[in-house]
Amino acid sequence: MLVEGNGILSMKLRKFLLFAPTALLLTPFFLAPLFVIGAESFSGKQGAFGEYVKVVTDPGIRTVLYNTFYVALMVTFFSLLIGYPIAYVLARLKGRWATIGIFLIFLPFWASTVIRSFAWMILLGRNGPVNSAMVGSGLIDEPIRFIDNGVGLMIAMTYIMVPFMVVPILNGLRAIDVNLPRAAAVLGANPWRQFLAVTLPLSMPSIAVGATIVFVTSLGFFVTPSLLGGNRTVVSILISEQANRLLNWPLASALAIVVLLLTIVVFALLRLSQVMSRRRGSARAGALA
Amino acid sequence: MKNVRNGLSRRSVLKLGAGSAAVSLLGMPAIGRAQTTSLSVANGGGALGDAFKAACFDTFEKKTGIKIISAPYIEGARLKAMVEAGAVDIDVADTDAAEAAPLAVEGLLEEIDYSVVPKDGLIEGSASKYWTACYIAGSVLSWNTEAAEKNGHPKTWQEFFDPSVKGRRTLWKNAAQTMEVAALGAGQPADKLYPLDLDRAFAMLDGIRSSITWWSSGAQSAQLLASNEADYGMCWNGRVDPIKQQGGPIDYTFEHALHMPGIWSLPKGGRNRDAAMQFVAHCMDPEVQAEFSRRIPYGPTATKAFDLLTAEERARMPSAPENSKTAVAINGDYWLEKGAEVYERFNTWVVSQ
C-alpha cells in the first residue's frame, strides 16, 4: 500500500472510466428493458407473484423449461465434442491453410438460420438423404424419426453452434506456449499424456468461454426449434405465443425472468466448481511442496 | 427509408393537391386530411403482399393519390407496444381474426366506421366492430397424392383422427384450428362446434399422437406434404393450392374446411385514421376483391365479387358458395374467452409423453 490516497482514487476513477462504455451500452439496451420486463411480470391478474406461481406449478411449463435446458446442455456437450478437435487441428495449421480453415468454419454463416434449419428439416426427413442412405445401405430397416422428438433439433443446433465453440478454443490453444507440451515430452509423456496433462488443462478457460457462449445462445433459439422441435417445445416458443397470440405479457415476462434466473444459477454453480477445483489444485500443490 | 423520404419530398406538393381533391370529392372536410399523402399498411408479404399490391394498393393510389407503403407483418406484441407507447406508425394492419380478438379487448384497435366502410353485401361475420374481413382463408384437409395412390387418404376429419387409418399426419402446433379439427374428428357436429368438447377432442389427439408431425409455419406444412414427410394433414389452402397448380403431389378438399377471415384493422391512435378508413372501404369493393382472389386463392368477402370470377377461379376459393356448404367459421369470441385455458392444456398435451 505504497500508493497514496489520491493515487487509489485515481485508480478507482480510471477503472470506472474503463467500465463506462460498457455501462453506457448496457444500461439503456439491457438493464432498462430488463427492469421493464421484471415490472411487467408482477402485474398479472393473479396478484404480484401469480405468474411465478404458475410457472413453477404448471406441469406443461415445467416440462418446457426442462426441455430448454436439456437441449441447450446437449448442444453444448456435442459442440464441444466436435468443436475441440476442429480447433485443435486449426491451431496447428500455419499461414494460408489456417486462413482457409477459419474461412470454412464461418462459411455456413453466409446462409440464414431459417434456411439452414429448413435444410435440416429436409435432410433429416423420413424420405430425406440421411434416412434414404441408411435404409438403402441396409443399415436400418425403418427410417429413423428425427424431426418429431427433438433429436433433429439438437443435430441442427449443434451444427449451427460448433463455430462458436471453435473460435474461443482456437484462441486458447494458440495462446499455449508450445514449449510446455515439449517439456512434457522431454519428461517422458506420450502425446496422449501431453494432451491430458498439459494442453487440456491449459485450454480449460477457453472451453468455459465457448461452453458459456453456446449454452446461453442455445437457450434462446427460436427459429430452429419451431421448425424442428416437434414435441420438444422450448421456452422461446412459449414466450412468443404468450406475448404475441394471447397478449399475456405478465406470464411471458415471468417466463423470461425465470429463464434468466436459472441461467444465473447454472453459471454460479459453474463458477463455484471452478473456484473449488482451483483451491483443491493449490492445496495439492502445497502438499507436494 | 431513403426512397420513401425522397418520394415524399419530391411529390408532396403534387400529392397535397391530389389528396385534397380526392377528399373533397368524397364530401369530407379537407382540413387535416389533405396532409395524408401515404398510408403504411402492414401485411404478410410474399404472395399475399403481391396480391394486395396489385389489387388493393395500386388501385387505391390511382383513385385517391394516397400512396400505400407496404410494411412487414405486425405481431400482436409489437402492435400493443406501438399503441401503448403512442408511436403508431402503422395505419392499417392485416392479421387474422383470432389474433385481432385480444387486441380489440385491450382497446388497441380503432372502431371501424361503417358509415365509410360498406358492410352490406359482405359475407356474414365479416363486419366486426373492430375489423372488417377482406378475404377468407381455409384450413383444409390436404394429402400427398403419391402416398394417397398407394394407401388412400382420409376424406373427413373423423377418418383423419381414426387411429386404425395408417399414415403420418401433420397438424399446426397451435391450439386454435387444431382443436377445432380434433373436435370435428370426435364427431361434434359442425353447426354445434362451439363450445369445443375438449375432452373428446384431446382423446382424438391421444389416439394419433405417435403419427403427428407438427408444423409451425405455412411454408413448412406445404413442404412436409410435398416431400411426403407426412401423408396428410391440415394446411392452409393458400399454401397447398399453389403447389397443386404447379403440378406438385398435393391435393386438398374444401369439405369440412375451417374458415378464417383475413382482416383489416386500424391500430388505435394512427395519424391517418380517415384515409385508413377509406382504404378499408376501397378493399371491400367487389372488383378489388375479385382481382385479389385471382392472384391468391383466398376467397372474397364481398358476395358480388363471385359474379366477377369464372367457375374455374371460384373452385379455388374457400368462401365460394359451392365450396362452403360444409365449412365452419372459426369463432374468434370462443378463443378470446377460452384461449389462455385451451392453449395451456394444448401445450401441456404436446410436451407430455
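In chain B, buried residues account for 50% of the 353 residues. The model is predicted. Chain B holds 14 helices and nine strands. Contacts in chain B between residues at least 6 apart in sequence were also examined. Of these, 70% join residues at least 24 apart.

Two of the strands form a parallel pair. Strand β1 (residues 38-43) of chain B runs alongside strand β2 (residues 67-72) of chain B, and six bridges link them in the parallel sense. Within this pairing, N43(B) lies opposite P72(B) in β2(B). A helix also belongs to this arrangement. Together, β1(B), helix α2 (residues 46-64) of chain B and β2(B) build a β-α-β unit, and this unit is right-handed.

The two chains touch. Chain A contributes 24 residues to the contact, and chain B contributes 23 residues. On the side of chain A that touches chain B, the elements giving two or more residues are α3 (59-92), α10 (223-228) and α11 (235-245) of chain A. The residues on that side of chain A comprise nine nonpolar, 11 polar and four charged.

V135(A) sits in helix α6 (residues 129-136) of chain A. Around V135(A), 16 other C-beta atoms lie within 10 Å. A buried residue needs 20 or more, and an exposed one has 12 or fewer. V135(A) is therefore partly exposed. Leaving aside residues up to four places away in sequence, V135(A) touches I140(A) and P143(A).

Note on methods. Residues numbered from 1 in each chain as written. Chains lettered and ligands numbered in written order. Predicted model: local features only at pLDDT ≥ 70, side-chain atom pairs only at ≥ 80, totals over all residues. Contact = placed C-beta atoms within 7 Å. Helix = DSSP H or I, 4+ residues; strand = E, 2+ residues; numbered from the N terminus. Nonpolar A, V, L, I, M, F, W, Y, C, P; charged D, E, K, R; others polar. Pairing = 2+ DSSP bridges. Right-handed = clockwise from strand over helix to strand, strands pointing away.
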